[in-house]
Every structure is written in C-alpha cells, then in structure tokens.
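Here's a guided walk through one protein model. We'll take the whole chain to begin with and then stop at a few individual spots.

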Amino acid sequence: MYHVKSKKAEEFISHEEIEKTLAYADANKDNIALIDSIIEKAKLRKGLSHREASVLLACEMPEKTAQIYALAEQIKKDFYGNRIVMFAPLYLSNYCINGCVYCPYHGKNKHIARKKLTQEDIVREVTALQDMGHKRLAIEAGEDPVNNPIEYILECIKTIYSIRHKNGAIRRVNVNIAATSVENYRKLKEAEIGTYILFQETYHKESYEKLHPTGPKHDYAYHTEAMDRAMEGGIDDVGLGVLFGLELYRYEFAGLLMHAEHLEAVHGVGPHTISVPRIKHADDIDPAAFDNSISDEIFAKLCALIRISVPYTGMIISTRENKEVREKVLPLGVSQISGGSRTSVGGYCEPEEEDDKSEQFDVSDKRSLDEVVNWLIRLGYIPSFCTACYREGRTGDRFMSLCKNGQIQNCCHPNALMTLKEYLEDYASPETKELGLQLIERELENIPNEKVKKTACEYIHGIAEGKRDFRF
Ligand code: SAM
C-alpha cells in the first residue's frame, strides 16, 4: 500500500504505486491536453508529482520535449542564476564488505589494491586539493566496520577541517558513506558535515537485492530508510541519487521523486541535492553487462525533468560524464559539478602504478580544475566555491526559504563572485584569472540590491589586498 508519510520503505516507495504510475504515464503519453496542463503547472515553479513528471518522461513528442528543456533552462536561471558550485571527491578507503555487483570495491574483488588513508595521508591529499583551489569536498568510503568504522570517518573529517595551507581551507565536507544508525548520523552532524549523500542505486527492491547479494547493503529497507534516520539524527541536508543503468530509468525516476515527496511530507524539507550517476567501466566492472544503460538524450531529459519537478533541489553531475555531456546538461538545471577529480584512494598526491590501482571508476572528464573553471567562464557560468549557507546555518528549510524568497541573487550571487575572486587570486592560471576578473566586473552589476552591491565591491577589493573568507 502506498503511503507517502509511512516510515517503511516498501510503503513510501511502493512498487505497486510505481507500476500504476508507469501505466498511467503510458496511457497518457500522447494526451496533449494533459501534457500541456502539466507543463503549465511546472511553470508555477512549485514542482510536479511523480505521476505528472512520469507522464512528461513517457511523452515522446519532440515539441513537448523542447518546451520541457526551455522551461528547465528558465527555472535553472531563475533559481540558480549562472552559478555552478565546484567540489571534489576524496576517497578515504576502498575496503568494503559489500557485494555490489557494479562496484569494483565489492568484497570478492581480490585483484584491486585495497588502500586506506592515514591521517598523515589525508593532510597530503587535502593540501593537494587546497593547492588546486578546492573548498568543498565529498568524502567517500566503502563499508567496512573493522577498517572504516565511524570513529575513523569522524577522525578524517576533523583532520580535513583542521588543515590550513597558504590561503587554503576546506570549508564544507559532504559525506558519502554507507547507510548507518541514527546515533552515527548524530555523530556526523556533530562533526559539522555538510550534506549526507547516499545513492539509492535502484528503487526496485527485487533488483536491489540481486545487485547487492551480500553484506549489510543487501538490506533494502535499511538502505532506503537511511535518509529518515539521517534526518532524525539532525542532518537536514541530504543528497539522493540513483545509479542509472541498473534498472529501467522510468522506474527509477518515479522512485526518486517519490523519495523526495516522502522526505518533504515527513520532515518538511526535501532533498538538498540529487545526483545522476551512470555506470562506468571500472577494474572488474563492464558497463555492457548491465542492460538498462541510457542514451545521452534520455539522460538530458531526466536532468531537465528533475529540474522542473523539484526546482529547489540542487543537481550534481560528476566527472563520470565527459565534457560534451556536461556541456549539454549544464543549462538544463545542474547546480554542482566536480572538477579535477581522482576516484582512487590517495590519487591526488601520487599517480598509481598499473598493478596498484584503487580507482572506483574511470573518470571521463580528466581536465584539471583550472581547465574546468576556464571552460565554465567561457560558457558564461560563474564557477562558485561558496560554502556560506552551511557556515551561516542556512541548511534544510532555511536554505529553501532563501530560494523561495527570491534572495538568491542578493546572497548566493555575490558569494559566488567573492569565492571566485579568491580562486583567481590564489590558484588560477594567468589566462583564467584574466577571464574571471572580467566576468566578476560584469556580474557585480547583476546584484539587485544597491547596498549589497556596494559591500560586495568592497569585499572583492579586500580580497585583492589579501583578505579572505567574506560572505553574506
Ligand atoms: N559505500 C558507500 C555506499 O554504499 O553508499 C559509498 C558510496 S560509493 C564510494 C559512491 C557511489 O559510486 C555508489 O553509491 C555508486 O552509486 C557509485 N558507483 C559504484 N560503482 C560505480 C561504477 N562502476 N560506475 C559509476 N558509479 C559507481
């Protein structure tokens, strides 16, 4: 039985409801009057239900898809402007006792090199990340209570926040570790993490159990209910995601939106971000072994539909996607991307030898952070290293109300410009610096509030003189 407010995974992600949704979407995929009314509703910028959004996903009429893309672009502009927040993943440990069949860290893989960063390694890795210009990290680890207990993760977070190197500082640590207990989520909250990210992988319970045949992750309910426990533990920024390619994308899309609706209904705040990873080649993993891979076209449509269905939720694209795909989906609603990423344990300091590889998956966008920043600026985006909301306590519904009150342009926009200025002063190549400074000049004019504009100009001037860490 479907029940959005239920605490039970099988009720808030009801298989029956998803099947009915897909049947409804199929029955209405050519129903122009209904499709138009759903697009009109999306224009109100209050989002769409999983059923409505599923109809748009099923609809194959090119002119309707074009309308959906145009609306996604407009909503992205209105809510996120032209800012793109930058981050990098940091792999702490690839020890893992799970059996995920798509991930090379699965416990039976005896071929992959197993590595775990010591606190000294972390200092070196984070120093290298700071030297690139990163301010925001997503830490990643396999699930292994002996090698990677919560105490280890907490110690790593503490170390990361403590490292100061030249003008560098990691100001926000997001965490992508396996589903855990309320007590552990409380400890992560106390360690001042940003977003807790956990990909559902697939919402299809039967497939989920086959894809996770062994280990604690096999438990579908424990995994699917993790975000409720995280919120109970006090974490109010959570990041959802599915691994596209494992199951039918239409099923996953409906499940993802139902999960977002559930969090909103129960906790009063939806997900902070949604990630859209696709399966990549990795050590002993061949993406061709999974039959549900999606084309770049469908991928772009999913991004656009996420944008119009959950306008207040950020969207993340990792370096699993190449430059061309990233360029295609950026205008459709992406708000965060990684740059200069390494998916190996210790990969920021030392290139790995052929027989000593610990990578989780092949990276498609291999450009340096400076190249990514340069590219974004040329495309008309503002690369942002901002972490202000989290540091000012604007998380969960407090961040949402900033969006809803239309104050983003007076807050996020100057913050983005100031953090870009810091990047340009401290880390950029001369060419990127030149381009970025011109962009900042132009974009300062787009701050609506005159007082904020004046203060932002003063702060930016201060950064040129060596001051750091201004924020609204
Ligand atoms: N062990 C944690 C967990 O179980 O959620 C941390 C997650 S793992 C380091 C990050 C994510 O990478 C996984 O949730 C999965 O979706 C994704 N991933 C695993 N194998 C992948 C592959 N071959 N290609 C692309 N993404 C993959």
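**A walk through the chain**

Asp356 counts as exposed because it has 12 C-beta neighbours inside 10 Å. The rule behind that label: with C-beta atoms placed from the backbone, a residue is buried if 20 or more other C-beta atoms lie within 10 Å of its own, exposed if 12 or fewer, and partly exposed in between. You'll find Asp356 in the loop that runs between β8 (336–338) and α15 (369–378). Look across from there to Ala113: the two residues are 243 apart along the chain, yet their C-alpha atoms are separated by 5.4 Å.

Before going further, keep in mind that this is a predicted model, in which local features need pLDDT of at least 70 and side-chain atom pairs count only at pLDDT 80 or more, while totals for chains, interfaces and linings use all residues. Residue numbers start from 1 along each chain, following the sequence as written.

Now zoom out. The protein chain has 20 helices and nine strands, where helices (H or I, at least four residues) and strands (E, at least two) are DSSP runs numbered from the N terminus. Its C-alpha trace spans about 60 × 55 × 40 Å along the principal axes. How does the radius of gyration fit with a compact globule? For 472 residues such a globule would come out near 23 Å, and the chain has 21 Å, which agrees. That radius is taken over C-alpha atoms, and the globule rule is 2.2 Å times the number of residues to the power 0.38.

Of the 472 residues, 51% are buried. Two residues are in contact here if their C-beta atoms, placed from the backbone, lie within 7 Å.

The domain assignment, which is automatic or from a database, gives domain 1 (13–76), domain 2 (81–366) and domain 3 (390–464). The centres of domain 1 and domain 3, taken over C-alpha atoms, are 35 Å apart.

Next, the ligand. It is surrounded by 21 residues, and the closest are Cys103, Glu140, Phe199, Lys280 and Phe361; to be near, a residue needs its C-beta atom, placed from the backbone, within 6 Å. The shell splits into twelve nonpolar, three polar and six charged residues. Nonpolar covers Ala, Val, Leu, Ile, Met, Phe, Trp, Tyr, Cys and Pro, charged covers Asp, Glu, Lys and Arg, and the others, Gly among them, are polar.

On to the helices. Leu302 sits in helix α13 (residues 296–309) and is buried, with 23 other C-beta atoms within 10 Å. Leaving out residues up to four places away in sequence, Leu302 touches Tyr249, Phe253 and Val276. Arg471 is another matter: 169 residues from Leu302 in sequence, and 34 Å away C-alpha to C-alpha. Helix α18 (residues 408–426) is mostly covered, with 14 of its 19 residues buried. End to end, α18 reaches 26 Å between its first and last C-alpha, close to the expected 27 Å, a figure worked out as 1.5 Å times one less than the number of residues.

Lys166 isn't a glycine, but has a positive phi of about 50°. Lys166 lies in the loop between α7 (150–162) and β3 (172–176) and counts as exposed, with 10 C-beta neighbours inside 10 Å. Glu192, also not a glycine, has a positive phi of about 65°. Its loop lies between α8 (182–190) and β4 (196–197), and Glu192 is partly exposed because 13 other C-beta atoms lie within 10 Å.
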